[in-house]
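Here is a quick tour for anyone who likes to look at contacts before setting up a calculation. We start with rings, then move on to the ligands and what surrounds them.

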Amino acid sequence: MITSKVDNVELKSWKTILQQSYLSWDDLLKYLKIRAEDVSGLNILESSFPLRVTKQYASRIEKGNLEDPLLKQVLPITLEERFNPLYSIDPVQEIGTKQQPNILINKYQGRALMVATGSCAIHCRYCFRRHYPYSEKIGEKKISSALDELATRKDINELIISGGDPLILDDSKLEKILEVASSYSHIKRIRFHTRVPVVFPERVTPGFLQTISSYSPLLVIVTHINHPNEIDTNVAQAMNLIRNQKIVLLNQSVLLRGVNDNIDALLRLSHKLFEVGILPYYMHVLDKVAGAAHFDLPRSRAQLLQTKLQELLPAYLVPRFVEEIPGQPSKTSVT
Ligand SMILES: *Cc1c(COP(=O)(O)O)cnc(C)c1O
Ligand code: SF4
């Protein structure tokens, strides 16, 4: 009884904090001491993928800096509306022709990715899931039928829990997924893909840590950090708490024009990741998603940055530069 009371208080408090996120460009810009008229091409219209930024993330944006690499990741601009035939709403061919796509995606040998929720703590303008038809709530029925399907799939040895952002789900829902998936003898690893510990470290509560601690021998958490400025002392602390549960931490980034497409930012990112106990895993070249063309850059530039990083860092601090080519048996190296 006492425990569930404590859990309730905790649950309320992180949800309450999350509800205080910025949901409009004028509130965000006011806080950042930026005048809307100074932002060229600001998209003032409400789009289907509206602005969403946590207070924590906003606090790491430099006040008054229109070129801030964190601000660029979250501020809607009219360039997103420009049509480009090379960029589609389903660049990685996951939606296919179905109205309601299966939430269990099996693209690669031995691994299945579960889209456990359509919601996120932050809206990243370059995201390839921005056009997805997932309803806000995927619901327990869908999740349990995905878990039932997983039971029969003896060829799968790793479950990747993704989204949206799976850490938006309550601890009880996460617990349920972990409990069922880990009870299958063929599941050897369970991996979370999440941006929450970075953009919303308040979510890393004692209750969350307790939930994941029982499954730690199986767990891998892949964070999503693009720029060294995203890591502050709150993030460092959250990562440390997760690491204390003996959970492997890896990071994936997206290579973004005007955000992290320079050697200095990428070097500092690798160093900072190591400082907080995370090893670089992937550097994704942008998926060609409609609305994100202005973040893209030539493959040759990606190759150059990768080569430079290889010269300047030990191999374990160099992420693999990859792109997603539909139909390939794995992510494809950018070489
Ligand atoms: C990227 C991805 C994975 C994971 O690939 P790894 O190389 O194991 O990190 C699994 N399933 C899907 C659908 C993916 O897009
Ligand atoms: S899925 Fe990840 S990258 Fe996409 S908007 Fe959500 S947090 Fe950002």
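## Rings and ligand shells

Searching the whole structure turns up 5 aromatic pairs. One of them joins Phe274 and Tyr316, a tilted pair with 6.3 Å centre to centre and 55° between the planes. This pair links distant parts of the chain: Phe274 belongs to helix α10 (residues 263-275), while Tyr316 is in the loop between α11 (299-312) and β8 (320-323), 42 residues apart. Keep in mind that this is a predicted model. The angle of 55° makes the pair tilted, because edge-to-face needs planes over 60 degrees apart and stacked needs them under 30.

Lys55 puts its charged end over the ring of Tyr22, 5.3 Å from the ring centre.

Now for ligand 1. The residues around it are Glu94, Ile105, Lys107, Tyr108, Arg111, Leu113, Ile160, Arg191, Tyr281, Tyr282, Glu324 and Lys331. By class, that shell splits into 6 nonpolar, no polar and 6 charged residues.

| Residue | Ligand atom | Distance |
|---|---|---|
| Arg111 | oxygen of ligand 1 | 2.7 Å |
| Arg191 | oxygen of ligand 1 | 2.8 Å |
| Tyr281 | oxygen of ligand 1 | 2.7 Å |

On its own, ligand 1 exposes 390 Å², and the protein buries 93% of that. Which elements give two or more residues to the shell around ligand 1? They are β1 (104-108), β2 (111-115) and β7 (279-285). The largest share, 3 residues, comes from β1.

Arg191 has a further partner. Its side chain makes a polar contact with the side chain of His193, at 3.2 Å. His193 is found in strand β4 (residues 189-194). With a relative accessible area of 15%, His193 counts as buried, because the cut-off is under 20%.

Ligand 2 comes with its own set of residues. Around it are Phe49, Cys120, Ile122, Cys124, Cys127, Gly164, Arg195 and His224. This shell divides into 5 nonpolar, 2 polar and 1 charged.

Methods. Residues numbered from 1 in each chain as written. Chains lettered and ligands numbered in written order. Predicted model: local features only at pLDDT ≥ 70, side-chain atom pairs only at ≥ 80, totals over all residues. Heavy atoms only, no water. Phe/Tyr/Trp six-rings, centres within 6.5 Å; stacked < 30°, edge-to-face > 60°. Helix = DSSP H or I, 4+ residues; strand = E, 2+ residues; numbered from the N terminus. Lys NZ or Arg CZ within 6 Å of the ring centre and 35° of its normal. Near = heavy atom within 4 Å. Polar contact = N/O pair within 3.5 Å; in protein donor to acceptor, adjacent residues only side chain to side chain. Areas by Shrake-Rupley, 256 points an atom, 1.4 Å probe, with all protein chains shown as cover. Nonpolar A, V, L, I, M, F, W, Y, C, P; charged D, E, K, R; others polar. Buried < 20%, exposed > 50% of the residue type's maximum accessible area, 1.4 Å probe, protein only.
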